[in-house]
Amino acid sequence: MSGERVLYGVAASPGIGFGHALVYREKPMGSLEREITDVKMELERYRNAVDTFCRITEAKADRVAEMAGKEQGDIIRCQAEMIRDPYLNGQVEGRIASRQSAEAALSASCDFYIDLFTASEEETTRQRAADVRDLRGSMLRLLLGLPETDFSALQPGTVLLAEELSPSAVSVLNSANVAGIVLGKGGPTSHSAILARALEIPAVLGVEDRVMDTEIGETVIVDGNRGCAVFSPGHVMRSVYEDRQKEFQQLRASLRVFVGRETVTADGERIRLCSNAGSVSDAVRAAGYGCDGIGLLRTEFLYLDRTSQPGEEEQFHTYRQILGAMRGKRATIRTLDVGGDKNLPYLGQIKEDNPFLGCRGLRFSLREESMFRAHLRAVLRASAFGKAQLLLPMVTGVEEVRRAREILEEEKEVLRRRNVAFDENMPMGIMIETVAACLMADALAKEADFFSLGTNDLTQYTLGVDRGNARVAHLYSYFHPALLWLVRHVLESARRTGTPVGMCGEAAADTALTPVLLSFGLKDFSVAPVSVLPVRKAISLWTKEEADAVTQEAMQLSTEQEVREYLKEQEKT
């Protein structure tokens, strides 16, 4: 195929890469069925393969953790935990006992989970199907004596194209050789995308249109910033992207000077810049950037990818470890936020027609009170080892906050009777992520010690747009005037009542919005670890007077497009 063409997908890992196409197609493994005469020998063959798989996977996970961080290593390591799961093993060995081959038994058992995850309405659950397919493929190659595809020694300047790449395949890629990745399937939350970002390889995923039609050796530009790939680029397109690549590299270099610096506006006002975290390694990485603490710890990471809920002790030790990584800086620990797009099968959650408007966040915790109490005790106990505060998600009224406060006080009394140390004055705040919470901000301020604006869900609920629905995704935007008016209202209410307020949604990380948020009076930002340095730099470029002038103009505009285009034009780089 010749002639310049552009294919669009999802921006999964930032950066711009130039290279030559290598198209990878999964080879069929042939028939897995065969006659079994010795069940005991077949079981032993399967168990030996499991042991070998776990040994190889653990070594691979250690290598990834060394290069890209513990959390990325854990993505690979979870497959070893999955293959050891008693339920999965019981299914496989039961099939072998009924005289199925180890290959056929494993494949059928994995297919059950793949179908289960693929049928889910939640994107994060659907993505787990790729992990099971990865596990199945690696185990089948071991059982069949087939070699693993070796991606570790690709030629420099390779752009890897495939329908789908497993996390274990991405984990061995070398950014010195791989200029970019273009996949037909997958999204930004897939484990392959997370690994690509950690390895700093530009990636575009979900390019379903003709990605496999590419000729081997064809020139490809991967634009991981905009989410597109340019094939056989002409002179003009190549020149444009050479300039963009230089700009991106210069931007990355300019951010290094902001490592460990205080976050201060151009006219000297100190701003708190915290990091969101979803693991211990996130907290360690954020501390390395010199952030002011953890503005949002998503405790769901302790509950996902397992078959039973974590106990109080496991939670306590994890929170204590994170507080230790912060070295006296504050960590905001959000209580379990399941429901919506995060479903935990082992909790017996009932399928809901509209889970985002169902039993999620604090609603779920108040229904599952014994689980909530153990969760609170773990946070309280950890608070003796650092500076912690508690955050309640999905609040719509004062009665929920009062009930949560009652339970918290009861669990404090339990710990007092046991002579267990904790911070008696640990603050308890609430997420402002529903329109009800915005409009009730004055009343809620009397019940909560602080607010945290969660703009991801607030945008969804304000605009009536399911952010996971591709058909209406173009309507989901925190530049919408309605959302800006609500944010300003909350900050004004908080100022009147003296309530500290921060922002932990994606809007806090968008540097085009930085002047508006500064003008509104936001003094506490919390962003993903990768966004700490860009936001610190953006804040340093604005004075209050300049931010007020831009905001006054923006708030007179009537449409999302007008606001977005105006703020993008004013953005300082």
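User: What should I know before I start?

Analyst: It's a predicted model, so local features need pLDDT of at least 70 and side-chain atom pairs count only at pLDDT 80 or more, while totals for chains, interfaces and linings use all residues. Residues are numbered from 1 along each chain as its sequence is written, and side-chain values use heavy atoms, with hydrogens and water left out.

User: Which residues does the "active site" annotation cover?

Analyst: UniProt annotations may be inferred rather than shown by experiment; positions use the numbering here, and feature names are shortened. The unreviewed UniProt entry lists His 191 and Cys 504. They are spread over 314 residues of sequence, and up to 22.6 Å apart between C-alpha atoms.

User: Is Cys 504 buried or exposed?

Analyst: Buried means under 20% relative accessible area, exposed over 50%, partly exposed in between (1.4 Å probe, protein chains only). Cys 504 is buried, at 5%. His 191 is buried too, at 17%.

User: What does His 191 touch?

Analyst: Contact means heavy atoms within 4.5 Å. Not counting residues up to four places away in sequence, His 191 touches Ile 75, Asp 131 and Pro 167.

User: Which side chain makes a polar contact with Ser 477?

Analyst: A polar contact is a pair of N or O atoms within 3.5 Å; within protein, one must be able to donate a hydrogen and the other to accept it, and residues adjacent in sequence count only if both atoms are side-chain atoms. For the Ser 477 side chain, the partner is the side chain of Glu 560, at 2.7 Å. Ser 477 is itself buried, with a relative accessible area of 8%.
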